[in-house]
Amino acid sequence: MIGMSTNNNTNSNLPELKITSFSGSFSATKNLICYEYGDDIIVVDCGIGFPEKSMHGVDLIIPDFTYLRQNKDKIKALFITHSHEDHLGAISYFLEEFNVPMYSNRLVQEYTKEKMIDRGLKGLLKNTTFKTFVPEDKPVIVGPFKVSGFRVNHSVPSAIAYVIDTPQGRIVHAADYKFDMDPVLDKPADVKVIKKIGEEGVLCMLSDCLGVSKDGGSVPESVLGPTFISAQVAINSLWLITPYFRHNFSTDSNTSLVNLSINILPPFISDKALIDDTLSSSSLITLTSCSFSSLLGIF
Ligand SMILES: [Zn+2]
């Protein structure tokens with residue numbers, strides 16, 4: 001657990017703003033950061049960690065909620081940035097202990113509902129308040145926090161970076177992000193909004209984005225599909241063996257593991273349940289003009 005608080009550089013007549021990272025700072029695992037001001041806490045992200053080779057019999061790792069338990073009455077809301085396991089995978093465990101509204105995009109909501117059902121938590125599902133966070137809408141006020149946001153791009157659609165205004169200053173929480181001017185299933189990052197936020201002044205920006213310290217940029221998701229196909233054609237391979245990470249929805253639907261199987265490699269073998277699951281969650285939401293029925297037709 002790593003913590004920091006505002007000091008004399010900010011307004012010392014006011015309560016300190018405390019920021020506590022429970023993990024996720026140095027690797028893609030168990031992202032959970034809490035922002036605490038006076039008697040109020042908001043939590044951003046609640047992901048799982050992935051067991052290492054030595055952790056025999058361990059399926060997943062959830063964040064240590066001890067500090068949150070000790071401050072249970074202060075916790076007012078949960079905000080989720082995007083639909084990757086290391087950002088949403090532990091939400092059902094969190095909500096079992098802390099009954100607060102959850103703000104996120106709709107894809108995160110649907111994955112979370114599925115996980116609750118998988119864990120037999122239909123009662124919890126009924127009692128949970130899911131609030132859809134739309135960056136273009138008015139800010140959400142939670143106690144002393146005014147939370148707005150802007151769109152960023154990632155390998156999943158509709159990722160959000162939160163702008164958390166506090167009496168001590170403005171925090172920007174951009175978890176994983178990239179700038180993709182030609183996103184596959186998404187809108188481009190809100191560059192104008194980001195510029196304006198920067199001009200207005202930011203006390204602190206937090207990000208757990210892997211690779212963020214490297215110079216340069218990353219390729220748009222849209223170039224991955226043709227690259228994949230040309231590589232396959234070049235080697236004239238009859239088999240494609242590839243991992244499929246269910247929550248890398250933009251990447252996989254674009255690169256078109258699926259299209260590849262239709263157009264080039266008919267003997268497409270996969271974990272049907274896994275892909276069905278992804279498509280059913282995502283197809284509950286009109287994210288794209290992509291024809292899900294045609295994708296499902298390949299099975
Ligand atoms: Zn991510």
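Mentor: Strand β3, residues 32–37, is mostly covered, with six of its six residues buried. Buried here means 20 or more other C-beta atoms within 10 Å of the residue's own, exposed means 12 or fewer, and partly exposed is in between, with C-beta atoms placed from the backbone. Strands are DSSP runs of E of at least two residues and helices are runs of H or I of at least four, numbered from the N terminus. This is a predicted model, where local features need pLDDT of at least 70 and side-chain atom pairs count only at pLDDT 80 or more, while totals for chains, interfaces and linings use all residues. Residues are numbered from 1 along each chain as its sequence is written.

Trainee: Which residues point which way from β3?

Mentor: Leu 32, Cys 34 and Glu 36 point one way, Ile 33, Tyr 35 and Tyr 37 the other, and all are buried.

Trainee: And how does β3 pair with β2?

Mentor: Strand β2 (residues 17–23) and β3 are antiparallel over six bridges; two strands pair if DSSP finds at least two bridges between them. Leu 17 stands opposite Tyr 37 of β3.

Trainee: What about β3 and β4?

Mentor: β3 pairs with strand β4 (residues 40–44) in the antiparallel sense, over five bridges. There, Tyr 37 has Asp 40 as its bridge partner in β4. The two strands form a hairpin with two residues between them, and Gly 38 in the turn has a positive phi of about 60°.

Trainee: Changing topic: what's the strand order in the open sheet of five strands?

Mentor: The order is β8-β9-β10-β11-β12, with mixed pairing. β8 (140–142) and β12 (204–206) stand at the edges with a single partner strand each, so one side of each has no neighbour in the sheet. The twist averages 25° from one strand to the next, using axes fitted as lines to C-alpha atoms (for helices, over the stretch in contact) and angles from 0 to 180 degrees between N-to-C directions.

Trainee: Which way do β9 and β10 pair, parallel or antiparallel?

Mentor: Antiparallel: strand β9 (residues 145–152) and strand β10 (residues 159–166) share seven bridges. Val 147 stands opposite Ile 164 in β10.

Trainee: Is helix α6 covered or hardly covered?

Mentor: Hardly covered: among the 10 residues of α6 (191–200), the count of buried ones is zero. Gly 201 follows α6 and has a positive phi, near 105°.

Trainee: How many helices and strands does the protein have?

Mentor: It comes to 10 helices and 12 strands. Of its 299 residues, 36% count as buried.
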